[in-house]
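Dear colleague,

Please find below the structure that I am handing over to you. My notes on it follow directly after.

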Amino acid sequence: MKIVYNGEKDRAFKELFSEKIPALCEADDRVIYLDADLMNCIGTLGWALEHPDRAIDCGIAEANMVGVAAGLSAVGFKPIVHSFGPFASRRCFDQAYLSGGYAHNAMTIIGTDPGVCAQLNGGTHMPFEDMALYRSLPGANVMDIADTVQLSDLLDQCVDMEGIKYIRVPRKQNKKIYGDGSHFEIGKGVIVREDGKDCAVFACGIMVAKAMEAAEVLAQEGIRVTVVDMFSVKPLDEKLVTELAEECKAVVTAENHNRYGGLTSAVSECLSMHCPTPLNYVAVEDEFGEVGPQDYLEERFGLTTDHVVRAVKEAIACKKG
């Protein structure tokens with residue numbers, strides 16, 4: 001594992017998808033790709049038009065698409081399913097639950113542009129609840145992606161795994177966190193900054209970079225925090241959460257998701273059972289999404305670097321109190 005974060009932008013996730021999905025299909029003739037009329041949005045359309053036997057456009061019918069994927073899995077295929085986050089989660093959840101999880105059919109479900117990453121597509125396209133849904137599905141694996149290196153490695157793993165795998169990821173650029181060739185173990189967190197024991201920050205997805213930026217700001221004030229990329233929200237790395245909570249005595253979570261049912265809930269559940277610790281969070285409150293550019297939405301819903309800085313200070317104050 002190589003941490004290369006320096007604040008620079010990564011390449012677009014869409015660019016990675018345009019290469020990775022064809023490569024996975026070409027490497028294994030059992031891998032098959034299904035989309036809900038959004039191939040052009042993640043860069044797979046050109047390849048798909050040339051390989052209609054390996055790429056299926058199911059149209060704007062996400063529930064049916066997941067049912068098709070379940071049938072393909074039942075006869076030995078390894079389906080990769082994509083739609084925008086709200087449609088890859090709440091629109092087709094019953095099919096993912098019953099035809100997928102309950103029936104023991106394996107599929108990799110990709111939900112793009114989760115939370116504020118939906119930007120100008122607006123509130124109807126802005127899932128703040130997708131992780132909560134898939135965390136409730138027995139046996140599911142739920143991941144929130146920080147950069148393209150992480151996405152590439154996890155896709156390699158997911159196509160061969162049993163069960164339902166839900167991957168939430170933007171289509172555009174985020175900050176680069178990892179060096180090429182980094183490998184990730186599902187169910188384990190990655191310590192991306194180990195700078196002290198004042199507070200532990202567990203972040204996922206786009207908020208990993210925000211947490212890293214906040215740690216730099218806090219360090220200038222003499223506050224030392226450890227930052228963990230908790231990309232695997234389910235299963236959660238409870239051992240690491242507990243160890244760092246015991247060391248730091250203060251914890252903050254940072255996620256581009258509603259605080260109910262996502263990373264904040266997962267960490268809170270772990271701490272309440274194993275290591276009661278002051279916990280603060282940076283997450284969306286009990287709200288629906290709205291239309292706007294991402295920088296506006298991050299401020300609107302409290303997902304900025306400054307919000308992480310404030311949350312850490314508040315958590316530390318609770319510890320000292």
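**Surroundings of I167**

Leaving aside residues up to four places away in sequence, I167 touches T108, I109, I110, G111, M143, I145, L151, L155 and C158, where contact means heavy atoms within 4.5 Å. This is a predicted model, in which local features need pLDDT of at least 70 and side-chain atom pairs count only at pLDDT 80 or more, while totals for chains, interfaces and linings use all residues. Residues are numbered from 1 along each chain as its sequence is written, and side-chain values use heavy atoms, with hydrogens and water left out.

I167 is found in strand 6; helices (H or I, at least four residues) and strands (E, at least two) are DSSP runs, numbered from the N terminus. With a relative accessibility of 0%, I167 counts as buried. Here buried means under 20% relative accessible area, exposed over 50%, and partly exposed in between (1.4 Å probe, protein chains only). The C-alpha atoms of I167 and L151 are separated by 8.6 Å, the two residues being 16 apart along the chain.

Seven strands form an open sheet of mixed pairing, in the order 2-1-3-4-6-5-10; two strands pair if DSSP finds at least two bridges between them. Its edge strands are strand 2 (55-57) and strand 10 (232-234), each of which pairs on one side only. From one strand to the next, the twist averages 20 degrees. Axes are lines fitted to C-alpha atoms, for helices over the stretch in contact, and angles run from 0 to 180 degrees between N-to-C directions.

Strand 5 (residues 141-144) and strand 6 (residues 164-169) pair in the parallel sense over four bridges, and D144 has R168 in strand 6 as its bridge partner. Helix 7 (residues 148-158) lies across strand 4, strand 5 and strand 6, and runs at about 165 degrees to strand 6.

Strand 8 (residues 199-203) is largely enclosed by the rest of the structure, because five of its five residues are buried. Both of its faces are covered: C199, V201 and A203 are buried on one side, and A200 and F202 on the other. Strand 8 pairs with strand 9 (residues 225-229) in the parallel sense over five bridges, and V201 has V227 in strand 9 as its bridge partner.

**Salt bridges**

The structure holds 22 salt bridges, a salt bridge being a side-chain nitrogen of Lys or Arg within 4 Å of a carboxyl oxygen of Asp or Glu.

R90 forms one with E129, and the closest N and O atoms are 2.7 Å apart. R90 lies in the loop between helix 4 and helix 5, and E129 in the loop between strand 4 (107-112) and helix 6 (130-135), so the pair ties together parts that are 39 residues apart in sequence. R90 is partly exposed at 39% relative accessibility, and E129 is partly exposed at 27%.

The side chains of E62 and R91 also meet in a salt bridge (3.4 Å, N to O). This pair links distant parts of the chain, 29 residues apart: E62 is in helix 3 (residues 62-74), and R91 is in the loop between helix 4 (85-88) and helix 5. E62 is buried, with a relative accessible area of 4%, whereas R91 is partly exposed at 44%.

D28 and R30 form a further salt bridge, with the closest N and O atoms 3.3 Å apart. D28 is buried at 14% relative accessible area, and R30 is partly exposed at 40%. D28, R30, K78 and D160 are linked in a network of salt bridges.

**Backbone geometry**

Most residues other than glycine have a negative phi, and most peptide bonds are trans. A cis peptide bond joins K234 and P235, with omega about -5 degrees; P235 lies in the loop between strand 10 and helix 9 (238-248).

Q119, in the loop between strand 4 and helix 6, has a positive phi near 50 degrees. Q119 is buried, with a relative accessible area of 18%. K249 lies in the loop between helix 9 and strand 11 (251-258) and has a positive phi near 65 degrees. K249 is partly exposed at 45% relative accessible area.

With kind regards
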